[in-house]
Amino acid sequence: QVRLVESGGGLVQAGGSLRLSCVASGSTNGIITMGWYRQAPGKQRELVASATSTGRTNYADSVRGRFTISRDNAKNTVYLQMNSLKPGDTAVYYCNAITNDDLIEYEYWGQGTQVTVSS
């Protein structure tokens, strides 16, 4: 089992920045990918960014160039630096972790943190 705890959400004006953090605890040795998803009201949850344990990153087109994902494997922490925020970035942001245990993948979610960008 892996527990994920997010922090860093809040209210910010358009053009501002926020940094989200997610700390993983529990059976963290098997984590292969950590990432961030978001869900706006009335919309499906979507991938924002992800990072593998080897450093490979992936970004949604809508955030590429504005958001940066990074991992501190020693601290079992993943960060999302969000710059040039837009009202369209308003959503609940969820931390995600995927583990691999004997070739079986498991997926874990945090409780979510609200990000609100005002115009």
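1. For the charge count, Lys and Arg are positive and Asp and Glu are negative, while His and the chain ends are left out. Each charge is placed at NZ of Lys, CZ of Arg, CG of Asp or CD of Glu. On this basis, the mean positions of the 11 positive and 9 negative charges of the protein chain are 9 Å apart.

2. The model is predicted: local features need pLDDT of at least 70 and side-chain atom pairs count only at pLDDT 80 or more, whereas totals for chains, interfaces and linings use all residues. Residues are numbered from 1 along each chain as its sequence is written, and side-chain values use heavy atoms, without hydrogens and water.

3. The protein chain holds 11 strands and 0 helices; these are DSSP runs numbered from the N terminus, with at least two residues (E) for a strand and at least four (H or I) for a helix.

4. Of the 119 residues, 41% are buried, that is, under 20% relative accessible area with a 1.4 Å probe, protein chains only.

5. The largest nonpolar core has 30 residues. Such a core is a set of buried Ala, Val, Leu, Ile, Met, Phe, Trp, Tyr and Cys residues joined through side-chain atoms within 4.5 Å. Leu 4, Met 34, Trp 36, Leu 80, Met 82 and Tyr 93 touch the most other members. Elements giving two or more residues to this core include β1 (2-7), β4 (31-39) and β9 (91-101).

6. Leaving aside residues up to four places away in sequence, Leu 4 touches, among others, Cys 22, Met 34, Cys 95 and Trp 109; contact means heavy atoms within 4.5 Å. Among contacts between residues at least 6 apart in sequence, 54% join residues at least 24 apart.

How values were computed:
Buried < 20%, exposed > 50% of the residue type's maximum accessible area, 1.4 Å probe, protein only.
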